[in-house]
Amino acid sequence: MGGKYIFRFDDIAPNMDWGNYEYIKSIFDKYDVKPLIGVIPDNQDPELQKYAYRDEDYFWNEMRKLQRNGWEIALHGYQHKYVTKEAGIFGINNKSEFSGLPIEVQNEKIKNGMRLFNSRDIKTDTFMAPSHSLDRNTLLVLKENGIHTITDGFALYPYYYEDLLFVPQLFATQRRMPFGIYTFCIHFNTMTKASITEIEDFIKLNRDDIITFSEAKAYATKNPINKLSGTFFKSSLSVKRGLQNI
Ligand SMILES: [Zn+2]
C-alpha cells in the first residue's frame, strides 16, 4: 500500500481570504475531497483580523453547510491569540495560546471554545493547536472536554499517547510518499494561484489515495515503524533523523 493523504485547512474564521476559500472549496468539491478544517471559535488574533470579514451569521451558517457535506471540523484553539512563548511537546514554534499556562486557564479556554461550537451546532472531537503548541496540561483538559483526537504529531501512522489519538502531520505541503499517513496543511490566507494549482494537480494525480480525517483513524497501528514516534516528540530535526534510520 502506498501513502495516504489528508488535507487540513488552518485558520478558518469570519476574517479570512474569502476569495481563496471559495476557489479552493470549488476544487475540493470538484474532486469530492473532504478536508479537516480548523475553525477558530472566537477569533481575536490581530494578524488574522486583517483579512476580509463576513458576519458571524454568514460564517457559522457556512460552517454548518460544510459539516453537512462531510467536511470535518477541528477546534482550532479558542481565540488564536498567542500569550506565551512556549513551543510545547512538539517544539515547533515558540508561541502558544495554551502551552505554559495553568491548567485552570487552559480548561477555561477549551470549555469556552466547545461551548461556542455547541451553541452554533458544530460537532467535533478533534483539536488543532494554534502553531502546533500544546503541553501536557492541554492534553488533560482536552480529554475533560470531550476531545480525543489531535491533528499533529511526528509519526508515520496515527498513534495513541496519553489516551489521545494523534493523527500525524509531518509536511506542510503535498508530496507523494511510499507508505504512511500524511496530513498536508493549507493556509489559504497566504496562498498564491500557483500554489493552489499545485494542490489541484496533486489531487488529480492522487485522488484514490486521499482519505478523510476519520478514515485515517482506522490506520492507528502498533506497526514497528511507528515506534519511532516516541523519539519524534522532541523536535522536527529528530523527524529527519528518524526517517533516515528506516
Ligand atoms: Zn492557526
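Helices (H or I, at least four residues) and strands (E, at least two) are DSSP runs, numbered from the N terminus. By that count, the protein has 8 helices and 8 strands. This is a predicted model: local features need pLDDT of at least 70, side-chain atom pairs count only at pLDDT 80 or more, and totals for chains, interfaces and linings use all residues. Residues are numbered from 1 along each chain as its sequence is written, and side-chain values use heavy atoms, leaving out hydrogens and water.

**Overall**

- Of the 246 residues in the protein, 53% are buried (under 20% relative accessible area; exposed is over 50%, partly exposed in between, with a 1.4 Å probe and protein chains only).
- Take the contacts (heavy atoms within 4.5 Å) between residues at least 6 apart in sequence: 73% of them join residues at least 24 apart.

**Helices H1 and H2**

- H1 spans residues 18-30 and H2 spans residues 56-68; their axes lie 14 Å apart, at an angle of about 15 degrees.
- Axes are lines fitted to C-alpha atoms, for helices over the stretch in contact, and angles run from 0 to 180 degrees between N-to-C directions.
- That angle makes H1 roughly parallel to H2 (under 35 degrees; over 145 is roughly antiparallel, 65 to 115 roughly perpendicular, the rest oblique).
- H1 contributes Trp-18, Tyr-21, Glu-22 and Lys-25 to the contact, and H2 contributes Tyr-58, Phe-59, Glu-62 and Leu-66.
- By class, this contact of H1 with H2 holds 5 nonpolar, no polar and 3 charged residues (nonpolar: Ala, Val, Leu, Ile, Met, Phe, Trp, Tyr, Cys and Pro; charged: Asp, Glu, Lys and Arg; polar: the others, Gly among them).

**Helices H3 and H4**

- The axes of H3 (residues 103-119) and H4 (residues 136-144) come within 9 Å and cross at roughly 45 degrees.
- H3 and H4 are therefore oblique to each other.
- The contact of H3 with H4 has 5 nonpolar, 4 polar and 1 charged residues.

- The largest nonpolar core has 65 residues, and Phe-7, Phe-28, Met-63 and Phe-127 have the most contacts inside it.
- Such a core is a set of buried Ala, Val, Leu, Ile, Met, Phe, Trp, Tyr and Cys residues joined through side-chain atoms within 4.5 Å.
- Beyond its neighbours within four places in sequence, Phe-127 touches residues including Phe-98, Ile-110 and Thr-138.
- Thr-138 lies in helix H4 and is buried, with a relative accessible area of 0%.
- With neighbours within four places in sequence left aside, Thr-138 is in contact with Phe-98, Gln-106 and Phe-127.
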